[in-house]
Amino acid sequence: MKNFIDKLTICTLLFLVTSFSACEKFLDEPISKNSSIPLETIEHLNALMEQYGSLYSDENPSWMGTDDYGLNAQTYDNKRGNFTFLPNIFRAFWDIEYNKLTANSDALWASGSGEWRDVFYANAVLENLNKVTGGTEADRARLKAEAHLLRAYAYWQLANTYCLPYTNTNKSEMGLPIKKSTSFEEDLTRVSLEETYKFIESDLAEALKINKPLLVGGKPEHWRGSTAAVNGFAARYYLNRNNYTEALKYANLALGEYSRLVDYNNPTEMYYGTPFTYSVTGGSPFTCQFPFTHNNQTNLVDFFGWKEFLYFRVQNFGSWFYLPSKELLDLYDKSNDRRYEFHIVENYSYYFGSNTPTNGLPGYIFFFKDRIPSGPTTAEMYLIKAECMARNGDINGALTAVNVLRAKRIRPGALVNLTAANQSEAITKILQERRREIPFVQRWFDLRRYNNNSDPNDDVIVTKQFYPITISGPDVTKPIQTYQLEKNSRKYALPIHNNELISGRGKLLQNIY
Amino acid sequence: MKYTFKIIVLFLFCFSGLLTSHAQQTRQVTGSVLGPDKQPLPNANVSVKGSKQGVKTNINGKYTIGLANGIQTLVFSYVGLKTSELVVNADAITANIVLNESDEQLEEVVVSTGYQTIPKERATGSFGTISKEQLGKPSTNISSRIVGQVAGVQALRMDEEGNPFFQIRGLSTLYANQEPLVVVDGFPIQGNYNTINPSDVETITILKDAAASSIWGSRAVNGVIVVTTKNAKKGTPLKVEFSAFTRIGGKIDLKYSNPLASSSDQVEYEKLSFDKWGATANNGIVTQFGYNMTPGQTALNETKLGFMSPSRRDFILDSLKGLNNSQQISDHLLENPITKQYNLSLFSSTERMSNALSFMFEQNQSNFKETFNDRFILNYRNLATIKKWLDFNLSTMVQYNKFTNNGATLSDIQRLAPYEMLIDPNGNYRSTSERYYTPLIERQIPTQLFPFNDWSYNIIRETKSRSNVNLEYNARLQTGIVIKPVKGLSIETSIQYENFNTQTRNFDGINSYNARITVNQAAFWNPTIPNAMTTAPIPNLPKGGILNQSRSQAIAWNFRNLIRFNKTIMSKHEVNFLAGTEQQSRVIQTFGQPTTYGYNDATLQLGTFPNGPGGTPVNGGQNGTLPATNLTIRNWVNQITTFGYTNSFGYTTDRFFSAFGNVAYTYDSKYTLSGSARADGANFVTNNPKLRYNPFWSVGASWQLWKEKFFKINFIDRLTIKATYGYNGNQDRSTSFMPLIGLGATPNIYTNQFTAFFSSLGNPTLRWEKTGTANIGIDYSIFKGKLFGSINYYQRRGKDLLAFVAIPAVNGSTSQFLNNAAMVNKGIELEIGTTFKISKDIQLRSNLNFSYNKNEITDLFLTQYNSFSLVGRNTASYAVGYNANTLWMYKYMGFNSATPFPQPTVLGPNSTNFDMASFIPGDGRTYLDNVGTMVAPYTLGLSSSLDYKAINLSFIVTANLGHVFQRQGFNYPVQFGGRVLPNRFVREILDATQNSKSSEILTLPTNPNEPRFFFWDRFYRNLSYLGESASWFRMQEINLTYTLNKKVLNKVGINNLKAFVQGNDLFVILSNKYGEDPLYALGTLNPRPKFTIGVKFDF
């Protein structure tokens, strides 16, 4: 019996020891060495900020509502199949009602590469900055400032797309929900516009503490935050707030660090890429000339190599057709403006099979067919500088600044330099230059500020001619009607997609129209 | 290492047990053993009950055995016959016996949960078992023996070999693992059924409800398939089993698997569609080299471009009509699939030790020439009683598989136009045109100046120019000790170690198109310079073969400790108790090697990148030249290119810790109560270790009603009522409370920095998926065992199921993988077995099973149900309140009256018809047709076996009923940068156009320039007139076995010899009139009838 008890004791002990020892540690083993891992080191945070692939794309739909977009009844009839994206048409005509029915959600607000995802990146860095191991204090400070820039940039885009312009009368209008962490539990309530802008400004203030040059070893690291990037964004921000003194200050700071412009007159800097020949119904084949930056769809070399970026951001449009309006086209000197030569591709619509000579429509082409620079660039800084000086009364300074840019854009000759007899003319000419230089991407934001600054001369009422829109698309059997976007229309705040209101479960409210 | 040494020592120690056998003798008893036919049985086992003593009968069925004094009991056994005992009186010196056929159904059936074996009678849970008769039939994959045998076990899909993917009692998870757990000899295994030698399998038990499977906790929600392997019966000196079979199947039915239009219809459609309906034009410029066209389209396009006269074109088109390549495809690319399997097993045991050794070799020729494999599996299993209180067991599996995949694939064949011949009239390989627009290559590229001047592609030549080999080296070792300190109590420690390795080596030889074209297209050549046609390209890759290699390794171990206690107290109280803990770890590593260029397999020499691997320094675009200082390299059409040169690695670890227990109490062998509990922990990423665990439990009860004294229904032999309830789980470790990231493996080529991405934004609801299952059932046997079986009703409610759930985008995403969905499955299962002796020589055995399942998603938060998602099937069509397998389709409404070109329409929201030029807005559920469920709610399985003397005829029929599928219709090919290959339904469409049937069936565009024709592919597959009943009856198998006369056999020393002929996948009866098998869509491989002949004998 004793023998038995001994055996039992030994076995039981063996059993217990082998079974329960260190099972917590046993389960602490990470499930993978390179995927599904928590944020643990400063290298992880840095690697997230290196993920430009998720961050560089701005799919802002608002440009379709501007007078730069040439979609009207006539261009639509030209080849309706090219404009089947219902939501785009609705936005182009400020149609709120059918937004709910659109099949695709809104790319700027609600896509995997949308602005709220950028906010998530920023918040992940900010909330883990003091938890992760490794790195110096300087590294942390740099990442912190960079994350604040990322968040400020995203909020600025969202506020200027989905909220009314920030003016004294609009202060208490709905702004955006404030997201300060990666938690899903934060309040979805849209705070006031004033609070939203305070949030953006506090982020901007943090971002301005950045201490990292744009150029590293002679190479611009424009996909990361830098002093030039933050100053460039600050210049844009204050211009948008109609604060010309501050805007000028930051534009100068940015240009002081980096002022490289691409010389469109230099054939090694700007030239045609691979041409494409399209057959023409009832005519001889037509060869479209594209800028060299058109060559690569997936290869980023031309985007990355674009020398004017202060902060690498690109407007993306999946339907590949930035159709310029006649008004925009008329602004260009077709024989002397190199921007017309390279970026306005005549008969681009042939690419979409709209290949009868009478149906040829031009396209605005920058990077491949779908992308245009949208982040702060040196060109934009010169324009901000010129506009601010002009608005502050320094006409000569303003013209000098804008002519620096024009020298790189206009064929050499007497036409390069703009002249102006008075302040108002100077402002008008600089604003026209601005529209020629950065069409589509800045126009919506510009319309909002022009209509709300103290200068009545720059105000714009956008009108468009189009068919009535029904649930199944434009009703081409009905007469063409006129759509008008009044100066202070509430339609300047784009509607939030219906899906978001559903998933917001009553907390997230729609704009009031 | 130390561990391995110990194993070897133990191993040797066990073998030594074979040599020790001794007993005291005091008297000689002799006798004879006869079979049911009263013929002597040679080599029958005779053993003394309660001792380790045993002998075998001689060739005349006689035996002599020494017995100790006193009354003794002899045990007689013979394979296939019922083991019988005979009491030998103290003074008896002879003992003769007749052994009868074993009657399986009346024998006590035991079920195995993997942890324990219990008599089915005492089990409270719902188990399914596969009969020995089924397991004895030839198969290359043991899973195929389960098909149609157990109610509620549905073969959801089957590959072209007929190997199934099972679903037990409906879908239990939306996104997590859906496969049943496979347990072999007590341990879940790595790898699949392929690592099991079908001839080794002794039993298969399927655990269906919570009480049966909750002992497997978090891994059991999809059900558990428990396999036990054979071991030597006690007292077998040496038994050798050998079996061999050959299975041959028909060649692929190209009419089914490649349902192309006839050559003349092909030409007709090419003419009809050429340059129409929004076709993109091939302008013949060099960048459009990849715009490949069929020879017919090419002729049309060449004429359009002015390179070919109309009369030449018409001559070519006419001659193409008369060609057909299917015979050449069949002769040069296809093969009759053949499997040859040989299996040798050795069994031997003494009272204290048993050994089983088996070796299987299998050769498979696939449906395609040059694609075949060899498999070897060696198994050894040992059980030893070292001391009265100490048992030892060991089993090993070693496997080597070699897969050679040089042959064509179905998609290679499907790329060919029906008239595109592979061999020209002179017997040479013809270059086919599915890789590029051939005239353009010939006209605009100096092909002769490129590294390889041969640009031709021919699939037959390709299959002979490559060597693609997969090797698998797998080993599994299980070992354990059982300590029995006191009767009824045992303590077990066991371990399983698995090491699985796979190597892949894909070599494209120097003659292969892949090697030639890769080298050519990588060479730098600028088509836009004036003298391009005389400028030789600059090679960027060495000339030679291309080699790609990768390997993976999975190492898993599983360490388990168990306490069992089984005791009958005062004859009325029976207690079975089991408790234990288990640790599991599995590490999977993958290794990818960079591509080797310029490789010569004969000399082992390889090339380097003559201009480096490329890479793109950020310095702007170049003007079509290759500056010396620029690292960027360009290819044959002057596009920037790079070559990968890095290794890749993967490393994942799965760990589990589990504690579990199970207790069953039976009173008076009538009333059984059972309960089990299990807690599983896994290596989730979490701050709070407690959250890693989740308890699962079950309770059950059974009542043997028929044993009650008051139970007096004459025709009922047995009646047991059972009820169980409990929880199983499922786990997915890809989420955590916090955001998780993945790391890019190499620095980004533009920034030269490492990047990371969010693999999960977080899952604040993180927990284990849980499914609660209630089961009520009865087991019955009536009319003296003539009918028996079971009836079960179940409800399975899954909650906290992981699903992509809508969240506000403000959080960084519009949908997140959260534990937030719920689903219910309800069902009924019915099994009826019968054994029927029709006459002395004729016996019929049958097993019919029937099951019904209804599935519904009861909770899932989505903001929108877009029609394009709903028709997308699978996860995209999950919707609350509907079956998870719902088939949604557009309701076709015919052409509208738009002027000048009517457009085809489908029904949209508000009863409005929408054309197919864009997606349809609104909630798809309100206007799409809910055609039905794609998974059969009703399944039937019938297996029957008829014995007549030495002949056994059996068959298996399965049926799936009540579901729907989307049949294939016309494929509306468009000339959109590629080849136009209409399928055979083109006739139907052309006829419908002619007969103005476009209100019933989608015909071709009315607008010759219809720009949105390409968009129709979002609709044409999903039009509701393509929704058909998917019901089918399938003749799964017919088997004819002849058992050779024992008298004849005994003379050559063989015990048992069976010869058999078996047919599989013989025919299927479909309820749709289009001849399309819902299990194998038209245009995919479907199994062809296969015939097996073989023998099986033992001695």
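## Basis

This is a predicted model, in which local features need pLDDT of at least 70, side-chain atom pairs count only at pLDDT 80 or more, and totals for chains, interfaces and linings use all residues. Residues are numbered from 1 along each chain as its sequence is written, chains are lettered from A and ligands numbered from 1 in the order in which they are written, and side-chain values use heavy atoms, with hydrogens and water left out.

A cavity is a set of points, on a 1 Å grid over the protein atoms alone, where a 1.4 Å probe fits but cannot get out; lining residues have an atom within 4 Å of a point. Points are joined across faces, edges and corners, and a volume is the space filled by probe spheres set on them. There are 19 cavities of 30 Å³ or more in the structure.

## Largest cavity

The largest cavity has a volume of about 250 Å³. Its lining comprises 21 residues, and B:Asp185, B:Asp200, B:Thr229, B:Asn379 and B:Thr396 lie nearest the centre. By class, seven are nonpolar (Ala, Val, Leu, Ile, Met, Phe, Trp, Tyr, Cys and Pro), five are charged (Asp, Glu, Lys and Arg), and nine are polar (the others, Gly among them).

Chain B strands that each supply at least two lining residues include strand 20 (371–387) and strand 21 (390–405). Strands (E, at least two residues) and helices (H or I, at least four) are DSSP runs numbered from the N terminus.

## Second largest cavity

The second largest cavity has a volume of about 190 Å³. Among its 17 lining residues, B:Ile118, B:Thr124, B:Ala211, B:Asn662 and B:Ser674 are the closest to its centre. Helix 3 (210–213), strand 29 (648–667) and strand 30 (671–682) of chain B give two or more residues to this lining, and strand 30 of chain B gives the most, with three. The lining of the second largest cavity has 10 polar, six nonpolar and one charged residue.

Conventions:
1 Å grid on protein atoms, 1.4 Å probe; cavity = no way out; pocket = protein on both sides within 12 Å on 5 of 7 lines; lining within 4 Å.
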